[in-house]
Structure formats: C-alpha cells, structure tokens
Amino acid sequence: DEQRSLLLELSSRFSPPQGVKLSYGTAGFRADASLLESTVYRVGILAALRSLKTGAVTGLMITASHNQISDNGVKVADPSGGMLTQHWEPFADSIANAPDSSSLVQLIEAFVKKENILLDGKDVAEVLLGRDTRPSGSSLLEAAKQGVASIARATAVDMGVVTTPQLHWMVRAKNKCMEASEPNYYAQLSGSFRCLLELVPQGSLTSSTDDKLVVDGSDGVGGEKLETLKSMLNDTTIEVRNSGNGVLNDGVGADYVQKEKVVPRGFDTADVGLRCASLDGDADRLVYFFLEPNNTRIQLVDGDKIMALFALFIQEQLSVLNKNEDLTVSRSHQARIGVVQTAYANGASTQYLKHLGLEVVFTPTGVKHLHEKAAEFDIGIYFEANGHGTILFSETYISCLEDMNNDLQSTSRGSERHKAASRLLSVGKLINQAVGDALSGLLLVEAILKHFGWSIHRWNELYHDLPSRQLKVKVADRYAVVTANAETVVVKPLGLQEVIDAEIAKYNHGRCFIRPSGTEDVVRVYAEANTQESADALANSVAKLVE
Ligand code: 16G
Ligand code: ZN
C-alpha cells in the first residue's frame with residue numbers, strides 16, 4: 001500500500017551505521033553525531049506514531065546535553081510534556097537497530113498492529129521539533145523531518161533552536177490548547193517572576209553586592225535564551241557568561257561544575273564571593289556555586305540544596321495558608337507534599353528534609369522515574385543532585401488554590417494568607433511543569449532568596465554536605481550488576497551486597513552504592529562518610545570489589 005511504499009522509499013535514504021548497537025538509555029539515544037542520522041530519522045517515525053496513537057502533539061529534541069560538542073542525541077517528549085512513556089522504549093531500541101529498510105518496515109507494521117494505531121484513519125499527527133546549538137543539529141533536523149514525513153498523516157513543526165525544557169513546555173502547552181510559542185514561554189516566566197517579586201516581604205532586600213548573579217551558560221543554548229529572558233525582565237543584575245562564543249561544554253557548564261567542583265572557564269578571582277550559577281548544554285540542569293579566596297575549588301550549591309530551598313519556601317507558604325483556618329474546611333485544603341530524591345542525594349540533605357517533617361521518597365536515577373513519583377503528590381518536588389528537578393502541582397490542588405485565592409481576594413485581600421496563596425500560584429506558573437528547567441529554576445531561586453533576604457552563603461548554611469566520592473569502573477558487562485530498592489541494593493551478582501555492607505560498616509556515617517550507568521559503559525560507585533579520606537577510601541575499596 002501507499003504507506004508502506006512511502007516508508008520504504010524514505011527509509012532507504014538513511015542506512016544505520018555498521019556494528020553499532022544503540023540504546024534509548026536513560027534519556028534518549030546518544031552517540032557521536034556522525035552515527036546518528038538514521039537513528040534520528042527513525043525516532044521521527046516513532047514520534048509521529050506516538051502522536052497518532054495518543055491523538056495529541058508530541059515532541060522530538062535533538063541534543064546531547066552536557067556531552068562534548070561532537071556528540072549529539074535525540075529524545076521524544078510525550079503529550080504530557082514529560083519523557084516518552086517507558087513502555088515504548090523497547091520499540092525505540094528495536095527500530096534504531098533494524099539493519100535495513102525492509103526489517104524496519106516489518107517492525108513498524110507489527111508494532112502499529114499491536115498498539116492499534118490506525119495509519120489509514122482520519123487522525124492526524126503533529127510533532128514539534130527542537131534542537132540545541134550543536135553544529136550537527138541542522139542536518140539531523142532534516143533527518144527528523146523526513147522521519148515524520150514517512151508517516152502519511154503526520155506533520156512536523158520546526159521550533160528552531162530551543163532548550164530541552166522549552167520544547168517540553170511547548171508540547172505540554174499545545175496539548176492544553178494554550179499558546180505555545182517561545183514568546184509565550186518567556187511571557188509566562190517573566191510574568192510569574194514579577195508577581196513573586198511584588199510579594200517579597202518588606203525589609204527582605206539584601207545588600208547590593210548580593211544582588212548580582214553571574215551565570216555560566218555552558219556556551220550553549222541556555223546562555224543565549226537567558227539573555228533574551230533577561231532583556232524581557234529589564235534585569236540588570238544578571239550577568240551571562242559563556243553564552244555561546246566558546247566551545248560548548250568545554251570546561252564549563254553544570255555537569256562540569258558539579259562533578260569537578262572547580263572554577264569554570266570565564267570566572268576568576270574577581271568573582272570571589274559573588275552568587276554564581278551554571279546551566280548545562282541544553283539548560284535542563286542548574287547548580288549554583290561561589291568562589292572563595294585563594295582556592296581553585298568552588299563551593300557547590302547543588303540540586304539537593306535547590307530542593308531544600310524550594311521545600312522550605314513552599315512549606316512556609318502552606319503553613320501561613322493553613323493558619324487559623326476553620327478545621328472542617330482545611331482538611332480538603334491540606335496539600336500532600338512530597339519530595340523525591342535518588343541515592344545520589346547527599347545524606348545530609350535527606351536528613352534536613354526529614355527534619356522539616358517532609359515525606360522523602362527515593363527512585364532510581366533518571367528524570368522519568370523521579371517525575372512519575374512526584375506526580376503522585378499535590379505538590380511533588382524532585383531533584384537530582386546534578387541539578388535536574390522541578391516542582392509539580394496536581395491539577396486538583398491548583399484549582400483548589402485558585403478557589404482559595406479568589407475567596408481570600410474578596411474576604412481578606414492583601415492578608416498574609418492571600419499572599420501565600422498568590423505566591424504558590426505564581427510558583428506553579430513559573431516552574432516548568434513538564435520537566436526540570438534551568439531558566440525557570442533559576443528565576444525561582446532568585447525570587448526565594450529575595451523573599452528570605454538571603455545571600456548564597458546563608459542559603460548554603462541550611463545544612464553541611466557529608467563528604468562524598470564518585471568513581472567509575474570499567475567492567476566487561478555492566479549489566480551483570482542488577483540493583484533494587486532505588487539502586488541502593490545489589491541483587492546480582494549474588495553475595496556482592498554483603499561484601500559491600502561489610503566495607504560500609506568500617507566507616508562512620510558510611511554509605512555506598514553501585515549501579516550500571518545509563519549513559520556510559522561503566523559501573524558507577526558512590527560513597528559517603530564523615531571525612532573526605534573515609535569517603536575516598538570507601539569508594540576505592542568498593543570499586544576494587546566491582547572490578
Ligand atoms: C541522564 C538523565 C539524568 C541522570 C543521568 C545519569 C534525564 C533527562 N537525564 O542525563 O537524569 O542523572 O542520565 O547518568 O533523564 P548515568 O546513568 O550515566 O549515571
Ligand atoms: Zn541536560
């Protein structure tokens with residue numbers, strides 16, 4: 001039939017590389033850009049099929065995030081704006097690895113049948129395409145367009161060079177029948193940020209040096225976009241560096257700063273004491289840091305501490321909102337708030353969150369797992385230590401807040417409770433509900449610091465990180481390591497966990513786990529203890545057990 005010949009014809013233009021096995025992994029396909037044309041083409045097909053299946057818009061993003069500039073990658077945004085549903089990942093793997101056009105078409109036909117997708121029905125499909133600033137992006141974009149065009153009723157809409165979270169935001173907005181262009185994104189962020197600033201308590205303003213923020217844009221798309229956002233905010237206190245003139249991710253960016261804990265390119269002793277932040281290559285991660293005198297290492301304020309700041313602020317607003325409230329009414333208004341971490345969260349941050357009385361839950365590494373868990377709460381906050389995270393508000397709770405806000409508007413306009421409700425509503429608009437977003441996260445951190453009247457140093461004192469060490473170990477087969485309980489326990493090889501436990505027992509505050517990486521061919525080791533020497537020693541001895 002027509003659909004089959006269309007697929008056969010277009011797919012024959014994109015042959016897969018020989019001898020390379022591709023895997024959708026934690027966050028899409030990633031490889032050297034020269035290997036990816038056929039993969040991106042095929043993911044274009046997948047994104048179109050996903051749109052047909054759901055009757056909603058999907059997204060396709062071309063990026064390799066914090067990886068080196070010669071790499072690239074591709075991932076799909078589901079209609080919710082979140083990650084591709086996990087049960088389609090095996091299909092992604094199988095089509096990416098199909099050796100030729102006819103086997104590809106066979107796989108597609110079998111899948112379409114299994115999923116009950118009507119290729120010759122009346123439904124139409126739409127896929128929003130985005131890419132980061134990598135030079136390989138434009139040719140890969142063409143491959144994605146061809147992939148979408150291989151499904152007869154599908155159209156691709158090129159959103160241009162965007163951050164990963166912008167594309168996810170657009171997909172979500174579009175499916176909620178909201179305006180979904182880039183200017184709409186900026187308008188929503190800047191509007192809600194301004195609302196939060198107007199609600200900053202009198203007398204909270206910090207000293208003028210604390211007012212300046214210097215941002216490392218990783219020489220990627222985020223730096224460029226932050227310049228635009230900044231001009232819309234009329235903000236003169238944000239200075240953007242590494243906004244695209246240097247080499248992407250080369251000695252710069254959130255991943256580098258968080259892993260190496262050294263001063264990124266473009267920063268020097270003149271910046272000592274200033275509040276600094278770093279975005280990653282596609283602007284879905286954010287960390288803060290500051291320089292100290294005579295030290296090439298930085299003080300890192302990581303995703304865990306951003307989470308602590310957000311949790312504290314939200315909790316404060318909730319307690320004001322629930323104060324003096326008629327108990328019979330308040331039952332329905334009491335938000336169930338939860339925080340979601342992975343095993344990489346510093347033990348001190350978990351202690352701190354529990355101390356605040358919050359419910360802390362753990363999931364395996366990877367945004368898809370954290371996001372799914374956080375969505376179970378009225379307000380779910382998730383963060384990975386590496387700086388990826390956001391705050392999710394349930395639809396029910398948002399409409400409950402809107403009702404409360406309207407009531408308070410007429411009964412006690414301008415009261416503390418009214419302000420608390422307005423602040424929470426603004427947070428829900430500012431913070432990206434689709435996926436972690438460095439730009440919206442940064443504006444929320446800035447607004448909260450102003451609210452509390454805090455410097456980055458005061459914020460950093462919320463708790464003290466336990467010393468930790470991360471190592472990677474090359475092994476013959478990393479998938480021989482199988483974990484459970486959010487990656488905290490090794491279940492295979494048998495007996496390995498017992499030996500690790502025996503090592504851990506030798507250290508004060510010792511904690512250690514291993515897991516196969518989802519993005520590199522290694523097993524990762526994480527260790528924590530009360531001194532740096534102990535953390536190092538624990539990591540090293542466990543790494544030996546893995547080798
Ligand atoms: C990916 C994940 C990130 C995770 C990292 C772990 C997304 C969008 N990104 O970058 O969340 O922390 O992988 O890498 O899910 P690893 O498995 O190599 O340790
Ligand atoms: Zn990223």
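Among contacts in the protein between residues at least 6 apart in sequence, what percentage join residues at least 24 apart? The figure is 71%, where two residues are in contact if their C-beta atoms, placed from the backbone, lie within 7 Å.

## Model and numbering

This is a predicted model, in which local features need pLDDT of at least 70 and side-chain atom pairs count only at pLDDT 80 or more, while totals for chains, interfaces and linings use all residues. Residues are numbered from 1 along each chain as its sequence is written, and chains are lettered from A and ligands numbered from 1 in the order in which they are written.

## Overall form

The protein has 19 helices and 19 strands; these are DSSP runs numbered from the N terminus, with helices being H or I of at least four residues and strands being E of at least two. Its radius of gyration is 24 Å, close to the 24 Å that the globule rule gives for 547 residues, so the protein is as compact as a globular protein of that length. The radius is taken over C-alpha atoms, and the rule is 2.2 Å times the number of residues to the power 0.38.

The C-alpha trace spans about 70 × 60 × 50 Å along its principal axes. Of the 547 residues, 50% count as buried. A residue is buried if 20 or more other C-beta atoms lie within 10 Å of its own, exposed if 12 or fewer, and partly exposed in between, with C-beta atoms placed from the backbone.

## Domains

The domain assignment gives domain 1 (2-161), domain 2 (178-465) and domain 3 (468-546); such bounds come from an automatic or database domain assignment. The centres of domain 1 and domain 2, taken over C-alpha atoms, are separated by 32 Å. Their contact takes 16 residues from domain 1 and 19 residues from domain 2. On the side of domain 1 that touches domain 2 there are 4 nonpolar, 10 polar and 2 charged residues. In these classes Ala, Val, Leu, Ile, Met, Phe, Trp, Tyr, Cys and Pro count as nonpolar, Asp, Glu, Lys and Arg as charged, and the others, Gly among them, as polar.

An unreviewed UniProt entry places the annotation "domain: Alpha-D-phosphohexomutase alpha/beta/alpha" on residues 53-87 and 122-175. UniProt positions are given in the numbering used here, feature names are shortened, and annotations may be inferred rather than shown by experiment. Residues 53-87 are 6% helix and 34% strand, with end C-alpha atoms 13 Å apart. Residues 122-175 are 46% helix and 28% strand, and there the end C-alpha atoms are 19 Å apart.

Ligand 1 is surrounded by 13 residues, the closest being A27, V367, S517, G518 and T519. A residue is near a molecule if its C-beta atom, placed from the backbone, lies within 6 Å of it. By class the shell has 2 nonpolar, 8 polar and 3 charged residues, and at least three residues come from each of domain 2 (178-465) and domain 3 (468-546).

The unreviewed UniProt entry annotates a "binding site" that covers E384, A385, N386, R515, P516, S517, G518, T519 and R524. E384 sits in the loop between β13 (379-383) and β14 (389-393) and counts as buried because it has 25 C-beta neighbours inside 10 Å. Beyond its neighbours within four places in sequence, E384 is in contact with G303, T342, Y344, L370 and G389. R515 belongs to strand β18 (residues 511-516) and counts as buried, with 22 C-beta neighbours inside 10 Å. With neighbours within four places in sequence left aside, the contacts of R515 are T365, V481, T483, E487 and R524.

## Local backbone features

A cis peptide bond joins K492 and P493, with omega about -5°. P493 lies in the loop between β17 (489-492) and α18 (496-504).

S218, a residue other than glycine, has a positive phi near 65°. S218 is in the loop between β6 (213-216) and α8 (221-233) and counts as buried because 36 C-beta neighbours lie inside 10 Å. H509, also a residue other than glycine, has a positive phi near 55°. H509 is in the loop between α18 and β18 and counts as partly exposed, with 15 C-beta neighbours inside 10 Å.
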